[in-house]
Amino acid sequence: MFRRLGAYLDSIRARDPAPRSRAEILLYPGVWAVFWHRVAHRLYRADLFFLARFVNHTSRWLTGIDIHPGAKIGRNFFIDHGFVVIGETAEIGDDVTIYQCVTLGGTSPDNGVAGKRHPTLRDGVIIGSGAQVLGPITVSARARIGANAVVTRDVPEGAVMVGIPAKATLVEAGKWKKDFVPYGTPCSELYDPATQKLELMRCELEAMRKRVDELLAERETTRGTEEQRDRA
């Protein structure tokens, strides 16, 4: 058990440069929220729903993180800072990182997959702060959700999603291959979809300007040739 705990704490240190020791990580509200959820989830699976809810409410009061006892969570799950809401039918894989103020929200029970209202996050997913992932969708392995994005559709493996509604954006291969990128996306305006569209428009205008210059040069050449012919 202690070896497994040590591996969990080390996985957090690999994603968060702030702590100086394992002991410091034990003070993180996200660590305690996951611990209490493990207890609540066991009670939930044993059909002890009231006790599961009691543990859940106590954990929420202590940590500011609300994880429904029915949610399924894999290994090395890390909530950085807190104020996160995770719904009943959410499923979270291994090595997933969620930042503050994220919601894994659900849809109405009569809208979507029967009995499944909340998202599924595959292994290695990163959810940036303030993001909302809604409905019985799947965020595939190693995908990244940028800060404040709103995701309502399935996300392909390795995709980087930003904006409202969230859309895939391009990331340099060197950055994409990194084991971990804080907050899900590189902190640069170059990865904003609106900026990308403006850049594409700028390139198109530049190409049109060059073409117009070429046409004007051809026209001047043709005019000069005609004038010389007339003089002859």
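By class, the lining of the largest cavity has five nonpolar residues, three polar residues and no charged residues. In this classification Ala, Val, Leu, Ile, Met, Phe, Trp, Tyr, Cys and Pro count as nonpolar, Asp, Glu, Lys and Arg as charged, and the others, Gly among them, as polar. The structure is a predicted model, in which local features need pLDDT of at least 70 and side-chain atom pairs count only at pLDDT 80 or more, while totals for chains, interfaces and linings use all residues. Residues are numbered from 1 along each chain as its sequence is written, and side-chain values use heavy atoms, with hydrogens and water left out.

**Cavity**

- A search of the whole structure finds one cavity of 30 Å³ or more; a cavity is a set of points, on a 1 Å grid over the protein atoms alone, where a 1.4 Å probe fits but cannot get out.
- The volume of the largest cavity is about 40 Å³, where a volume is the space filled by probe spheres set on the grid points, which are joined across faces, edges and corners.
- The lining of the largest cavity consists of Ala33, Trp36, His37, Ala40, Asn56, Ser59, Ile65 and Ile67; a lining residue has an atom within 4 Å of a point.
- Two or more residues of this lining come from each of α3 and α4 (49-63), and α3 gives the most, with four residues.
- Helices (H or I, at least four residues) and strands (E, at least two) are DSSP runs, numbered from the N terminus.

- The largest pocket has a volume of about 870 Å³; a pocket is an open set of points with protein on both sides within 12 Å along at least five of seven lines.
- Of the 24 residues that line the largest pocket, Arg4, Tyr8, Val34, Phe35 and Arg38 are the closest to its centre.
- At least two lining residues of the largest pocket come from each of α1 (2-15), α3 (29-45) and β2.
- The largest share of the lining of the largest pocket, 10 residues, belongs to α3.
- The lining of the largest pocket comprises 14 nonpolar, four polar and six charged residues.

**Aromatic residues**

- Four aromatic pairs are found in a search of the whole structure; rings of Phe, Tyr and Trp (its six-membered ring) pair if their centres lie within 6.5 Å, and planes under 30 degrees apart count as stacked, over 60 as edge-to-face and the rest as tilted.
- One of these pairs, Phe35 and Trp36, is edge-to-face, at 5.1 Å centre to centre and with 70° between the planes.
- Tyr44 and Phe49 also form an edge-to-face pair, with 5.3 Å centre to centre and 70° between the planes.
- Phe35 has a relative accessible area of 42% and is therefore partly exposed; buried means under 20% relative accessible area, exposed over 50%, and partly exposed in between (1.4 Å probe, protein chains only).
- Trp36 is partly exposed because its relative accessible area is 30%.
- Tyr44, with a relative accessible area of 21%, is partly exposed, and Phe49, with 44%, is partly exposed.
- One aromatic cluster is formed by Trp32, Phe35 and Trp36.

- Thr120 belongs to strand β8 (residues 120-121) and counts as buried because its relative accessibility is 7%.
- A polar contact of 3.0 Å links the side chains of Thr120 and Lys116; such a contact is a pair of N or O atoms within 3.5 Å, where, within protein, one must be able to donate a hydrogen and the other to accept it, and residues adjacent in sequence count only if both atoms are side-chain atoms.
- Not counting residues up to four places away in sequence, Thr120 touches Glu91, Ile137, Thr138 and Val139; contact means heavy atoms within 4.5 Å.
- Arg75 lies in the loop between β2 (72-73) and β3 and counts as partly exposed at 46% relative accessibility.
- Arg75 touches Arg4, Arg38, Gly93, Asp94 and Asp95, not counting residues up to four places away in sequence.
- Arg75 and Arg4 are 71 residues apart along the chain, and their C-alpha atoms are separated by 9.7 Å.

**Backbone features in loops**

- Ile164 and Pro165 are joined by a cis peptide bond with an omega of about -10°, and Pro165 is in the loop between β14 (160-162) and β15 (167-168).
- Phe83 is not a glycine, yet has a positive phi of about 60°; Phe83 lies in the loop between β3 (78-79) and β4 (85-86).
- Phe83 is exposed because its relative accessible area is 58%.
- Asn148, although not a glycine, has a positive phi of about 65° and is found in the loop between β12 (144-145) and β13 (150-151).
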